[in-house]
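These are my notebook entries on one protein chain, written down in the order in which I looked things up. The sequence and the coordinates come first, and my notes follow.

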Amino acid sequence: MLSRKGLIPEDFVLTRLAEDVAQPVYRAKTRKARFVAKNGACNVAHTNIREQGRFLQDVFTTLVDLKWIHTLIIFTMSFLCSWMLFGMIWWLIAFAHGDLDRVGGPLEPCVTNIHSFSSAFLFSIEVQVTIGFGGRMITEECVSAILVLILQNIVGLLINAIMLGCIFMKTAQAHRRAETLIFSKHAVIGLRNKRLCFMVRVGDLRKSMIISATIRMQVVRKTSTLEGEMVPLDQIDIQMENPVGSNGIFLVSPLIICHVIDKSSPLYELSAAELHHEELEVVVILEGVVETTGITTQARTSYIAEEILWGQRFVHIVSEEEGRYSVDYSKFGNTVKVPTPLCSAKQLDEDASQLKVRLYDSLSPKGSLRRRRKSEAVWGRQKTVTK
């Protein structure tokens with residue numbers, strides 16, 4: 001996001017893994033396309049839309065959604081066409097009243113100093129943009145000229161309101177604020193309070209806060225119903241346990257958003273080995289109101305199986321310095337390895353005591369010493385048999 005646009009350094013936004021972290025190596029395979037890209041763009045193409053007229057029923061939104069080059073072209077052409085149209089009307093009024101060929105005479109012209117279409121076009125510009133140079137002006141001679149003057153002023157105000165409002169909305173779009181809402185590059189699965197948890201880190205680079213910020217997660221995967229119907233992109237909401245106990249968050253400093261993998265979780269039956277063979281995608285959506293503008297913004301990202309690190313946790317990046325809290329964003333995505341069973345949360349719930357013994361035995365120094373002594377004893381017996 002920000003690093004591609006050159007606003008901040010690469011290491012500041014994109015996360016880096018700790019160098020001493022060793023992850024299991026799995027055979028690469030062709031995966032399906034992402035539903036949501038890392039920068040939040042939705043990877044969905046709308047094709048074969050037959051009712052194109054629906055877009056014209058909401059012209060303002062259509063103008064805002066257009067590219068900048070198209071918006072500027074429409075902005076310029078709308079003014080040129082209106083000036084040209086009313087320039088033709090002013091020329092016709094002068095022609096009908098006989099003002100084009102009149103050099104002098106008892107009759108007063110409808111508009112002074114209009115002798116050709118060029119002068120009528122210039123008068124049209126002067127009326128619509130309220131620029132008066134004193135050479136051309138309307139008189140009381142023609143009622144039709146007064147009515148056209150009123151009509152052109154109204155049309156000019158409408159064009160100004162629509163086009164300036166459109167340009168303002170394009171420059172103040174909500175996704176501009178979302179560029180400074182960042183997510184960790186990887187998600188992690190580790191133990192927290194003796195339960196397997198899926199965790200991501202979110203942060204806000206600006207000092208201006210996101211009011212009423214809420215965050216939610218969805219698992220997007222292919223599922224089938226009991227009737228045999230295949231749902232290619234089934235969006236399953238998953239519950240979270242974040243630092244404030246609900247979906248609302250106080251994003252004044254980076255937070256670790258946690259999802260406890262329990263019986264209601266779609267990740268409940270997945271182990272470390274099965275996760276990397278599963279075609280799923282976890283979508284994280286952060287939404288709130290921008291404090292300075294009052295516009296609702298939304299930031300999105302997603303994590304596929306290869307971007308979920310098993311047996312990791314995020315390092316601490318908040319410290320107290322000189323009476324205030326300091327956030328080190330250079331470690332925003334850094335993780336460290338922690339003792340974590342490689343089984344699924346379901347197996348952990350079914351046999352928690354045995355898995356706890358295995359976990360302690362595999363990671364504690366005493367457990368390593370027991371395994372070394374056991375292997376030495378087995379090797380000694382094999383050597384005796386050989387003799």
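**Entry 1**

I began with E322, which counts as exposed because its relative accessibility is 85%; here exposed means over 50% relative accessible area, buried means under 20%, and partly exposed lies in between, with a 1.4 Å probe and protein chains only. The model is predicted, so I took local features only at pLDDT of at least 70 and side-chain atom pairs only at pLDDT 80 or more, while totals for chains, interfaces and linings use all residues. Residues are numbered from 1 along each chain as its sequence is written, and side-chain values use heavy atoms, with hydrogens and water left out.

Most residues other than glycine have a negative phi. I found E322 in the loop between β12 (318-321) and β13 (324-327), where strands (E, at least two residues) and helices (H or I, at least four) are DSSP runs numbered from the N terminus.

Which other residue had I noted with a positive phi while not being glycine? It was N113, with phi near 60°, and I located N113 in the loop between α4 (68-97) and α5 (117-128). N113 counts as partly exposed, because its relative accessibility is 42%.

**Entry 1: the chain as a whole**

I then stepped back to the totals, and noted eleven helices and 14 strands. Of the 387 residues, 36% count as buried. The chain exposes about 23,900 Å², of which carbon and sulfur atoms supply 59%; the areas come from the Shrake-Rupley method with a 1.4 Å probe, and for residues only the protein chains shown count as cover. Taking contacts (heavy atoms within 4.5 Å) between residues at least 6 apart in sequence, I recorded that 67% join residues at least 24 apart.

**Entry 2: helix α6 and the UniProt spans**

The buried residues of α6 are A145, V148, Q152, G156, I159, M163, C166 and K170.

I also consulted the UniProt record, an unreviewed entry, which lists residues 72-93 and 145-168 under "transmembrane region"; its positions are given in the numbering used here, feature names are shortened, and annotations may be inferred rather than shown by experiment. In the model, residues 72-93 are 100% helix and 0% strand, with end C-alpha atoms 32 Å apart. For residues 145-168 I noted 100% helix and 0% strand as well, with the end C-alpha atoms 34 Å apart.

**Entry 3: cysteines**

How many disulfides does the chain hold, when a disulfide is a pair of cysteine sulfur atoms within 2.5 Å? I counted one, and it joins C110 to C142 with an S to S distance of 1.6 Å. The link of C110 and C142 is left-handed, with -40° about the S-S bond. C110 lies in the loop between α4 and α5 and C142 in the loop between α5 and α6, so the pair ties together parts that are 32 residues apart in sequence. Both C110 and C142 are buried.

T335 lies in strand β14 (residues 335-337) and is buried, with a relative accessible area of 0%. I noted that its side chain makes a polar contact of 3.2 Å with the side chain of Q312; a polar contact is a pair of N or O atoms within 3.5 Å, and within protein one must be able to donate a hydrogen and the other to accept it, with residues adjacent in sequence counting only if both atoms are side-chain atoms.

I placed Y329 in the loop between β13 and β14, and Y329 counts as buried at 12% relative accessibility. A polar atom of the Y329 side chain lies 3.0 Å from the backbone oxygen of D204.

T180 and A299 are 119 residues apart along the chain, and their C-alpha atoms are separated by 9.1 Å.

Key: A disulfide is a pair of cysteine sulfur atoms within 2.5 Å.
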